Amino acid sequence: MKHIYVINPSAGGGNAEKKYLPQILSLVKRQGIDYELHRTLSAADTSAWVRHRASSGERMRFYAVGGDGTVNDVISGLIDYETAELAVIPCGTGNDFVRNWTASKNNFDLAALTKAEALKVDVIKYGDAYSVNMLNIGADSEVAAKAAELKKRYSGSLAYLIGALKIIPKLPSYRMSYSADGGEEHTGEFLLVCIGNGKYCGGGFKSCPEASLTDGKMDVCLVKAIKASEALSLLLTYRSGRHVGNKKLEDIIEYIQCDSFSLKAHEPVSVSKDGEISAFTSGQFELLHKKLNLVLPAGSELIY
């Protein structure tokens, strides 16, 4: 099997390349590993290059060396190829995808990652794009954009938390319509909508606490527009994942598990797809069951 390291040189303030490239080169030389290196230029370049390599049909393990955006770019390239596998060496700002399994230190045992087994996990299809972790529409996406501005001054989760503290008091709300599994359409004013395959976003916000990478369902959390007096309390509860099933919030929170989901915005809003932000008007979301070959680090287990 060929081992291909896809390195985002800007991830983690340059840490991805400065810290892990020497370790990777030492490992492959020491163990005689059949390997390739690719230094990313852009999201489109990454996906296109990975797709080109994966299309050979040779068994390959692609290592996404970067943040959640890099993971997404790599997945977009290999998703249609049964012989391609994904491993993650997380060194971005939020690193939320890897929070879906235990023992985070195992993600950095590079030698063990080359020998670990792959398992089948779910992926969300969004139009022509994919998400292995979560899509966020509304205030969560605004927080991600603010965190991107702050990450040069603050590290990881702190950038997202400060971003949330700056966005939430403004209490944005967006008029949107949605339906699940082809059912009745509902329209309302929402603070945010999360569509999760994984549990976490924003550097540790447990937005979809009941999500699992292998259960064959999307978890959708809709948070309705709120009053200013509710903002701080909701932020703390939402971060910890205690907003779902909370009787005090049952008029604000709607939580759905489904196979497909449709969402339409009636005013300008943005979507954060595994941390990558773009404009959003409407979208169809579909859960693809056991579509991706994910390399789970040895000694780690998925969190259900």
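**A helix pair and the core around it**

Hi everyone, let's start with a crossing: helices α2 and α3 cross in a right-handed way, that is, the near helix is turned clockwise from the far one by less than a right angle. Helices here are DSSP runs (H or I, at least four residues) and strands are E runs of at least two, numbered from the N terminus.

This is a predicted model, where local features need pLDDT of at least 70 and side-chain atom pairs count only at pLDDT 80 or more, while totals for chains, interfaces and linings use all residues. Residues are numbered from 1 along each chain, and side-chain values use heavy atoms, without hydrogens and water.

Back to our pair. Residues 43-54 form α2 and residues 68-78 form α3, packed at about 40° with axes 7 Å apart; axes are lines fitted to C-alpha atoms over the stretch in contact, and angles run from 0 to 180 degrees between N-to-C directions. Contact means heavy atoms within 4.5 Å, and among the residues making it are Val-50 and Ala-54 of α2 and Val-74 and Leu-78 of α3.

Now the core. The largest nonpolar core has 29 residues, meaning buried Ala, Val, Leu, Ile, Met, Phe, Trp, Tyr and Cys joined through side-chain atoms within 4.5 Å, with buried being under 20% relative accessible area (1.4 Å probe, protein chains only). Which element gives the most to this core? Helix α3 does, with four residues. Phe-62 touches, among others, Val-50, Ala-54, Val-74 and Leu-78.

Finally, confidence: the chain averages a pLDDT (the predictor's confidence in each residue, from 0 to 100) of 92.

Terms used. Buried means under 20% relative accessible area, exposed over 50%, partly exposed in between (1.4 Å probe, protein chains only). Lists of a residue's contacts leave out its neighbours within four places in sequence.
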